[in-house]
Structures are given as structure tokens and as C-alpha cells.
There are 2 protein chains.
Amino acid sequence: MTTIKPLTDLTIAQQAEMLPIKQIAEKLGLKEDDLDLYGKYKAKLSFDLLDDVKTRTDGKLVLVTAINPTPAGEGKSTVTVGLGQALNRLDKQAIVCLREPSLGPTMGLKGGAAGGGFSQVLPMEDINLHFTGDMHAITAAHNTISAMLDNHLHQGNDLGIDVRNIVWKRVLDLNDRALRNVTIGLGGPVHGVPREDGFDITVASEIMAILCLADSLSDLEARIKRIVVAYDRDNEPVTAEQLGAAGAATLLLKEAFKPNLVQTLEQTPALVHGGPFANIAHGCNSLIATKTALKLGEYVVTEAGFGADLGAEKFCHIKSRIGELSPDAVVLVATVRALKMHGGVAKDALHVEHVEAVKRGLQLLAKHVETMAKLGLPVVVALNRFNSDTEEELAAVLDWCRSQQIRVALSEVWAHGGQGGEALAEAVIAAVESNEAALTPLYELTASIEDKITTIAREVYGASDVTFTAKARKQMAHIQANGWADLPICMAKTPFSLSDDPTKVGYQAGFTVTVRELKPSVGAGFLVALTGNVLTMPGLPKQPAALNMGIDATGNAIGLF
Amino acid sequence: MTTIKPLTDLTIAQQAEMLPIKQIAEKLGLKEDDLDLYGKYKAKLSFDLLDDVKTRTDGKLVLVTAINPTPAGEGKSTVTVGLGQALNRLDKQAIVCLREPSLGPTMGLKGGAAGGGFSQVLPMEDINLHFTGDMHAITAAHNTISAMLDNHLHQGNDLGIDVRNIVWKRVLDLNDRALRNVTIGLGGPVHGVPREDGFDITVASEIMAILCLADSLSDLEARIKRIVVAYDRDNEPVTAEQLGAAGAATLLLKEAFKPNLVQTLEQTPALVHGGPFANIAHGCNSLIATKTALKLGEYVVTEAGFGADLGAEKFCHIKSRIGELSPDAVVLVATVRALKMHGGVAKDALHVEHVEAVKRGLQLLAKHVETMAKLGLPVVVALNRFNSDTEEELAAVLDWCRSQQIRVALSEVWAHGGQGGEALAEAVIAAVESNEAALTPLYELTASIEDKITTIAREVYGASDVTFTAKARKQMAHIQANGWADLPICMAKTPFSLSDDPTKVGYQAGFTVTVRELKPSVGAGFLVALTGNVLTMPGLPKQPAALNMGIDATGNAIGLF
């Protein structure tokens, strides 16, 4: 993340003094009985606790989002963790709510994803590997439904499933491109029914989205029952309930549904739970973790995936609707490097000062600030400092924000932890205490699918128009006919541009968004609008991070970073 | 397991009073620091503890095996648990060592596998579902090697792997026949290299066998490095080490390698850890759990898979060799029902008394007793009582054993827990204290592959001869050429017969065993000799147990049994 990096994230994490998680829980007024310990530094919160706190008043909710991400990296999770630490330094009982990392990208390019520098969640090694087993439970629940589907076909197919129209793939928490397109059931009559299939990465599973939107174990089961796994020969939906698979899947998710409590480098409590994709799903940590955190802390700092056009929009229209949440302030993370790229500078020239490019990139920042205002949410811009930033470049951003009466603060949480986030925390407290927040959805659920999508494209992306392919129109009619049209929209769009073209960086106006496909996620409760190809199973790079991983002589992890 | 069953295993388990696992650990002289807690009733033992106890004197080792299993069920795990409970009632500090159940069969036919009746390990629901995540870690480690292999092919195949000769499949902990034979890498050049592949169930993974035979984390890594994943175009082996995948796989197994501590219904400590197949692998719980238990308890009761011809033979020739173990006594479980089936009675007629059939079945029991004597191990026959057994039938077995000077005791551990196993425990203590045990392997590692297999077939199965197919002979030469010939043999044979024909029940003599294939498991450290088709990925039945699973209104499991 910086050009000079004397310590890696892993060495900082391994040198940290952690408190036993019981002591972190005590800070939140929890007793040992409220916890299921997973080793000394991880715990799940009990269902009894989740029930007990329901009647309490909510704390303040701070949503961390960002301008459109770039390959330079913006450090949104790092700011989220650092802001939580800073709020605690200012005597606000803060809790951080993050998504769980996926093992696939950890083994691929990322090497880990739990914040960075002096703003990380711990134990970093566990969180990046199996953690408390949630991902594995989702994999098992998802694939149990798959196995029961193929067994149903093999045993006679009483439901009349059309093997050409099965929409439930299998999943693995790996980057494994060779599994994207497969044929299964080969080898003769005792080995199942031959058909085309494919594997997604586990975080792309609808089960993951469901786990992150359900507000109770019974709601979880009800949503799993509604999952459409296939269509029959009359093109009628076949559900997980009809397969008899929903109960077993729910049972497999019983523990995974409990939020995970860990701590940051500065012993700020953190709930790290759930991690759905931010394109084909809504990209936020679990609703149950966020709601529980609001009952336990004064300030809850949470993030949503990708930039404000995707994560924050979906947070407001999907998660907040289902969970009756309303953010009290939004933190919009920007970096000089990303603004420069959006201002036209190539990645390999980012180390060269370029104030004009920064200023050009500010148009994009302005658009996102405007969107948050439309949603009724006060914004604080967090200018997340990198070592290569020059004072002139930083000043260009800070001065512009001040000139526009936009709250802004420099974030130095990567290098200095909570102390580096105090200015940001003060600005956030001011924004929250202004009581300006009044979440206003941009569309009503009862609007037509076309209208809902068009509203998002115009109001959030700045598009002038939306076109729908013939395929999308046909699917829209099918969704309508099945009675699913009142669900919220989940846009699957490139995160790298406001438009649907990843090469168009910076601020765009007057473009057209093309919706190519519509896919109902009936269990999760949203309609996915695909504007391009979305890769739901990543591949490993030429030199996977896994090549450098292992254990040292004392059994400690090496190669996570 | 019985005709009258007022309580299911699940209801007995759910009504049980468990002690916090910390208190169970205290019984063994362990401190809280020696444990990584997984909830209140499960813990992993720390690596420090495993090191600290290494210099202690070993307790006594009791191996529980059985006559050839039948569809009637013999209750070997139940006897193992019950015997541990009974030894504790007789003031011997006993520890039970069992294998971990696999999720696939739990969802399929079995519904659960953690003992039965009043001799179960707890928490039964957790143990039967995700437990401490060991199976999932093995799945992830195994499939990471697979993903790195296919990535290697995709990125240019520098190792020159022959895509027609890849021997490393993928795994999932599911019963899913449609995944047995698949083609992967379809869809064009960005989606990997097309090739044939298949999925095994996780317990069939060589990683599982390795985890159960490694005596340290560094040994674990060394064995993973040696795994042969494929052959190159010159038919030379390609290893996991050459793929650069061994470090990441070891890192993923770091926690899974620690033994799991739980308790029985009578609060006897139990280490439930690892669970390899008993045909293509050696079928015993982990070596590290057994060795650690021997340091912590006076008596360690452990079981091996299938009947004495497979599990006990492999325990003596594979696990004991690698771990320098030597059982002090063997318990041979027999039931009236199984003896009747081996005496020629069909499964649906088992409820009818048939003393003569029982007597005919005794020839099989005699053969297994003789085998244990050849191996230098004193035997106690445990006649495991079922409700349908008549007094005459039971007497036929007990009287015959006594007439042959074979130690024997009636086991009523299913119905009465430890109390029902006291007679058995007394007989076991007598056998152990006789100091008769002197483990004598039936073959030397330096003997030829052909001689080793022939010795097992003749001495253990009672075969008159062994034939090798042309394929097996070719593979034998290949193994020899690669320098792997000195590894022990792991027979893959039907468990239902002493012969290689599953329909030949009862005692057989003068038959020929046919070895069809030889497969080196170089990482695990044995040569698998296949005498028939072994299904390494089960399928679900017409009515899977999963159909009845779910959670009740209070979040408790239903449908496990």
C-alpha cells in the first residue's frame, strides 16, 4: 500500500499484544456465557445474547464507502478499522463491523484482507484462513442443496426439473478457474445424470447473501426455502424447499449465523461476519452483526463493498430496507492516488506529483458526495494518506472540500492507527451530532423493475439512459409473471467506473447503461441486474500468493501479508 | 440398532448433562492454557502441550476391532465409548480415541456417527456436523493443491504434466455421485485446460491419511511435499512440492492437526480426531491423538475401521509401525445378529432365534481370534448385546469362547452405558495385565510387494493364493522403479467378507484373492492394493437423512440420530 514498508501487515499483526477475547467482550458488558469461544482470541455471540439485547436503544451507525476503486488500492477496510480505533480514543464506545475475507483471493493475489498497517483486525492469520468456519459452513450448506438436486434427478426427477435449466451451481472457497464450466454426472447410469454445471466462489453463493440479510434463524430458513434452484419443464420455479433441502442447509448454518467477535490492533471490538460479493450480491457484512453491534456500542463503523455507486447504494436500498437501518453519517474514502488515476494518470506514474490530475479526479468525488446528499446522508470525506502523496496534492483535495463546505479530514490510520484517525473521528462525530441524517430511498419497491434500475443509473451513476437487451426484457417479464417484481434491485456493474465500462475512469456524464440480464435471487430477496460479464469464480495468477505460504519452525504462519 | 428404541441417540444426547470441557481437561491434569476452546464443550489441544508430555510414560493401549461387519450393524464405536466409560467406573483413568464422522454419510444414510445409546461422545450434534472444522480444512488444503495444479497447466505447464495422467482428484465432504466423473476446464482459453477429473469424499483424501499418520507439523509438511499429484510426459512423478503447494496446504492444516477433546455421556475424556477411509487408507483416528492420549491416560481405548482383517491388520502394520505403537490388548466385537448373518441368515430374518446359524458364524470369529494371536496380541471377545438376542443365542457364543479359553464378556453398553461394560472392562484389564502382548508384524517392509500382499492374504484372510492382474504387475514394476517398494501395504478389500467377494459371508478357506491395481500413496506412506472397485465418493439414497434435518423453534438440531 505504500512505497516504503518496513513492516508487513503480518509482522505487525504477529507482534501485537492481543487481549483475551473475554476481556474485549467485558468492555461491551458481555459475560462469558454470552460467548462461544473459538480459541482465546475469537468468539461467536450466543443466540440468547442476540435476543436479550433486542429492546435496547441503537447506537450511531457510520457507513464507510469510497470513490470508485482503482488498482492502486484505497484502504477502505483500513479506514474503517482506524476510525473505530480513533473513536475509542475519543471515549466513544465504538465497534467495527467488517466482512469476512474469502480464502480464494487470499491464496491468489491478496494474501489477506483484514485491514492494514496499524489498523487491522486480529488474529489476522485466523481471520484470513478458516476463521470460525463460516465460509466452510456456507460451502457445505450450498453444496448439500446441489447434491440433493442431483440426487433428485438421479432418483427419478419427480419434480420434473429441466436439466437444461438448473440455476443452482456448486461453490468452493477457492480461486479455481478450471471449475467455472464443467460437465458432471458422467460415467454411466450409476453415476448420476449428465449435465452442464459450474462452480462459483463461496462468497458468490446466494446462501452467503441470505446469511447476511436474515434477521433470525427462522428468517434464514424461510429465505433458504425460497431459493429457486431450477425450473421445471413448464418453466415453473423449483425451490430448495421442494427439494427438501432447506432444513439440512439451515442446520449446517446454525453456528455460522452467529456473529464473530474479534479485536483490532488497539483492542477495539470488531464483529467480522459474512462477506457477500458486491456485484451479484449486496456486498455488506451480516445484518445480524450490524444490528447486534448497534445494541452494544455507541458508534458502529461498518463498510460496504466497492465504491459508493455500488456498496453504499445497496446498503441504503437493500440492507437498510430489510434491516430497518439508517446510517447517521457516511465516510467517503478517497486517496490522492485514486483521484490521480481518475484524473487520467496511469498506475505506473502514480509516484510522480500531479496536482492537476488530482483536481480532475475531484469531479468524481463531487458526484459521490452529491449521491449521498440525495440519499439524505451527511458525508465526511476521509482523505486516506499514502507515503507517496505530496503536500500539494493533499492540499488540493482538502482545500476543495472546504471550499464546497464538505466535511473532510486527513486519515493516517495505516501508519499511525487510531491516533492517525482522530481528526476523522472528530469530523464524523460532528456529522452524526448534526442530526442531518434522514435516509431517503431513491426508489420505491412498488415501482417497475425498469423504473427502479433507471433511477439508480440516473441518480447514482449519472447516466442519461438505460437500455435493456431483449434477453433482459424477457427475463423482466418472467420475474413479473412469478410475482417477484417488488424486490429491490442489486446492480452488477464494474466497480472501476461510474458507467458500465471499466475503462471509463473519472467523472462521466451522458452515458448509457446496458442491462444485459436479470437474475432473481428470491431467497436473498433482490433482483440482480447484470450490466456486463461478472466473474463469479476467480482464477489464480501466474505466481499465486499461496506459493510463499507455509509455517515456520515454531508453527507460525508465513506468507500472509 | 435395536427393535425397541424408546429414545433416539439424539434425544439421549440432548438430555445429557455435559461438563464444561475445561473440567474434563482438568481430570487429565491439563490447564486452560493447554486448550483452544471451541465453544464450551469442545477444545483442541495446544502444540505446547503435545511437546510437554512427550517424555512421559505411555498408558495402556486397547484396540477395538470386530468381526466382518454386516448390514445389521455391530456397534464397534459404541463398544469403544462404553468400554472407556466402564474403565473409568473401575477407577482407571481412561481416554477414548475415535475417528471424526464425515458429513457426507451423515446427510445420506447414517444421520450421525458418534457411538450410540448410552455410549456416545458429546456434543453429538457438533461432532456430526462441522465439529472443529478439521474436515473443512482438509477439503481446503486438498483443493488448494488441485487449484494450483490446474493453474500450473493454465499458466504454461512448465513441469510438463501429462494431462491424461493426473492422479490428484478434488474432494468434497458430501455424498454426491454426480461429481464422481466430471470434465473441467471447459468454456475456452481463459477458463483453464480441459481435462477429465473427479471428486472423492474428503475422508478419502490422501491429506486425511497424512494428517492421521504425521507425528509433527513438520512431518505433516514433509509428507504433503511427497504427494504424487501427476506424472509428466516421461512418466516421472510430479509432487505437491514441485507445484509449490505444500506450504499453503500445511498452513491450512495447522489447526486441524491439533487433536480435539470432547467427552462421553459419562464424562470420560475422548479425543475425536481424523477419520480416513478403511479401504484405500488405513482407517484409524490420528496418530497424534493416540500418542497424546497415551501420555495423558492410564488406558487408551481406540478403534480401527471395518473388521479385524482390515482395520486391525492396518493398525498393526501401518499406524503402529509409523508411530511405534504396540497394543496391550485387542477387543474383538461380535454380535449375535452378525454371527447369524455370517452363519447364513438373511437380514430380514435376524429377529428369529437361530442358534445353529450363530454357531456356524463362530468359525469366522475363531479366524479373527487366531489372526490376533499371530500378531502377538491378547484378545477379549466383546459380545455386544442387541434387544433381539435370545439367551440361547448369547450362551452359544459365550460358552464356545470359554471352551476355547478365549476371554469373553457380554457388552450392554448401548442400553446401560459404562455400567453395561464393566464385565468387558474387567476382562480387558486382565488381558492387559497378563502382559501377553508382543506385537509381531506378519511381514517385513523389505519383503517384495508381492510377498507382503500374499502374506496378508494368507495369514489374515485365510486365502490359498493371490493373483495379480497384468495392470497390477505393471504398476508394481513402476512402484519398484520409483523406489517406493519398501512402504507397507494398505489393502482395499470388501469389509463384508474375509475374501475379496462381498457375497461370501462367514468363514471361507481356499479362495484366491485378485489384486487388480496398485496405487502408491507416497505422502501417506503406503501402497494401496485394490482387490475390487472401491467407491471413493458415495451417493445419497432415495430418501436421504438430510430430508428430515433442520432446527426447532429454539435452534436445536432435529433429524440427527
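This is a predicted model: local features need pLDDT of at least 70, side-chain atom pairs count only at pLDDT 80 or more; totals for chains, interfaces and linings use all residues.
Two copies of a chain are related by a rotation about an axis and a shift along it. In this model, chain B is superposed on chain A by a rotation of 180° with 0.0 Å of shift along the axis, and the RMSD of that superposition is 0.0 Å. The two copies are thus related as by a two-fold rotation axis. The same surface serves both copies, since 100% of the contact residues of chain B recur in chain A. To find the axis in the structure, the reader can look for Y38(B), which of the residues of chain B comes closest to the rotation axis, with its C-alpha at 2.2 Å.

The size of an interface is often given as the accessible area lost when the parts come together. For chain B and chain A this buried area is about 5,700 Å², of which 62% is on carbon and sulfur atoms. Within chain B, the residues that lose the most area to chain A are R177(B), L251(B) and I551(B), although together they make up 11% of what that side buries.

The contact between the chains also has a polar and charged part, with 33 residue pairs in polar contact, both residues of each pair being at pLDDT 80 or more, and with 6 salt bridges. E32(A) and K22(B) form a salt bridge in which the closest N and O atoms are 3.4 Å apart.

The next step is to look inside a single chain. The domain assignment of chain A gives domain 1 (9-18 + 59-132 + 256-433), domain 2 (134-252) and domain 3 (449-531). The C-alpha centres of domain 2 and domain 3 of chain A lie 25 Å apart, and 11 residues of domain 2 of chain A are in contact with 10 residues of domain 3 of chain A. Between them these two domains of chain A bury about 760 Å², 57% of it on carbon and sulfur atoms. In domain 2 of chain A, the residues losing the most area to domain 3 of chain A are E206(A), R226(A) and Y231(A), which together account for 43% of what that side buries.

Across this interface of domain 2 and domain 3 of chain A the rule finds 0 salt bridges, while 4 residue pairs are in polar contact, both residues being at pLDDT 80 or more. At least two residues of the domain 2 side come from each of α8 (206-213), α9 (217-226) and β12 (228-232) of chain A, and α8(A) gives the most, with 4 residues. By class, the side of domain 2 of chain A that touches domain 3 of chain A has 7 nonpolar, 1 polar and 3 charged residues.

Side chains of opposite charge can pair when their charged atoms come close. Over all chains, the structure holds 66 salt bridges. One of them joins K92(A) to E433(A), with the closest N and O atoms 3.8 Å apart. This pair links distant parts of the chain, because K92(A) is in the loop between α4 (76-89) and β4 (94-98) of chain A, whereas E433(A) is in helix α18 (residues 422-433) of chain A, 341 residues apart.

Definitions and conventions
Residues are numbered from 1 along each chain as its sequence is written. Chains are lettered from A and ligands numbered from 1 in the order in which they are written. Side-chain values use heavy atoms; hydrogens and water are left out. Copies are superposed by least squares on the C-alpha atoms of residues with pLDDT of at least 70 in both. Contact means heavy atoms within 4.5 Å. Domain bounds come from an automatic or database domain assignment. Buried area is the accessible area (1.4 Å probe) that two parts lose on being put together, summed over both. A salt bridge is a side-chain nitrogen of Lys or Arg within 4 Å of a carboxyl oxygen of Asp or Glu. A polar contact is a pair of N or O atoms within 3.5 Å; within protein, one must be able to donate a hydrogen and the other to accept it, and residues adjacent in sequence count only if both atoms are side-chain atoms. Ala, Val, Leu, Ile, Met, Phe, Trp, Tyr, Cys and Pro count as nonpolar, Asp, Glu, Lys and Arg as charged, and the others, Gly among them, as polar.
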